[in-house]
Amino acid sequence: EKNELFTDKHIGSIKDLAASEGNEILIALHNMSLKIKIKQPEFAIEGIAGGRSNAVFYDKATKKIYLGTSTNFISFDENLKSNIITKQNGDHIFAIDITKTDNGTIWLSTNDGGIYGVENDQIVKRYNATSGLPSNQASALLAVNDVLWASTTKGIARINIVTDEIEVITKQDG
């Protein structure tokens, strides 16, 4: 409204950001994650979690925040009550990117475990090198309807999440 640029010496290297409800933005930083209300006169900065954050995603349907940090994959409800989402064996997940498909599944890429699908804060699906993903090291994700596009170190994967078919595009494909 005032056409002003906001600067803050505490906000350093931004890793990811997402729009939240109303006039809020969520920011994943190299040393923490924040929720910033940008509507004047209510401008406020609220910490979500400490530590290095890689990815942040806001689910409008459930009003949950999903955060990938250097130590955990965490969901937050509207009151910022946290829930750490782990693998079935209790091991932690380190999310690189987060997206959502039309069926409501939250997807996250990892540096060593492939791609995980999460529903109701539980892992319900996984794609990895064993199931046809070109590499377990995945980074950028893009959801389009029932298709999940994933960038990996050995090519791009087009994953049909209904049929579980994985099509791989590599350098040899042009």
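Let me start with the overall make-up: the protein chain has 0 helices and 16 strands, where helices (H or I, at least four residues) and strands (E, at least two) are DSSP runs numbered from the N terminus. Please keep in mind that this is a predicted model, in which local features need pLDDT of at least 70 and side-chain atom pairs count only at pLDDT 80 or more, while totals for chains, interfaces and linings use all residues. Residues are numbered from 1 along each chain as its sequence is written, and side-chain values use heavy atoms, with hydrogens and water left out.

Four strands, in the order 9-10-11-12, form an open sheet with antiparallel pairing, and two strands count as paired if DSSP finds at least two bridges between them. Strand 9 (95-100) and strand 12 (122-127) stand at the edges with a single partner strand each, so one side of each is left without a neighbour in the sheet. Within this sheet, strand 9 pairs with strand 10 (residues 106-110) in the antiparallel sense over 5 bridges, and aspartate 97 stands opposite serine 109 in strand 10.

Let us turn to strands 7 and 8. Strand 7 (residues 73-76) and strand 8 (residues 82-85) pair in the antiparallel sense over 4 bridges, with serine 75 opposite asparagine 83 in strand 8. These two strands form a hairpin with 5 residues between them, and leucine 80 in the turn has a positive phi of about 65°.

Finally, for the chain as a whole, buried residues (under 20% relative accessible area, with a 1.4 Å probe and protein chains only) make up 40% of the 174 residues.

Key: Buried < 20%, exposed > 50% of the residue type's maximum accessible area, 1.4 Å probe, protein only.
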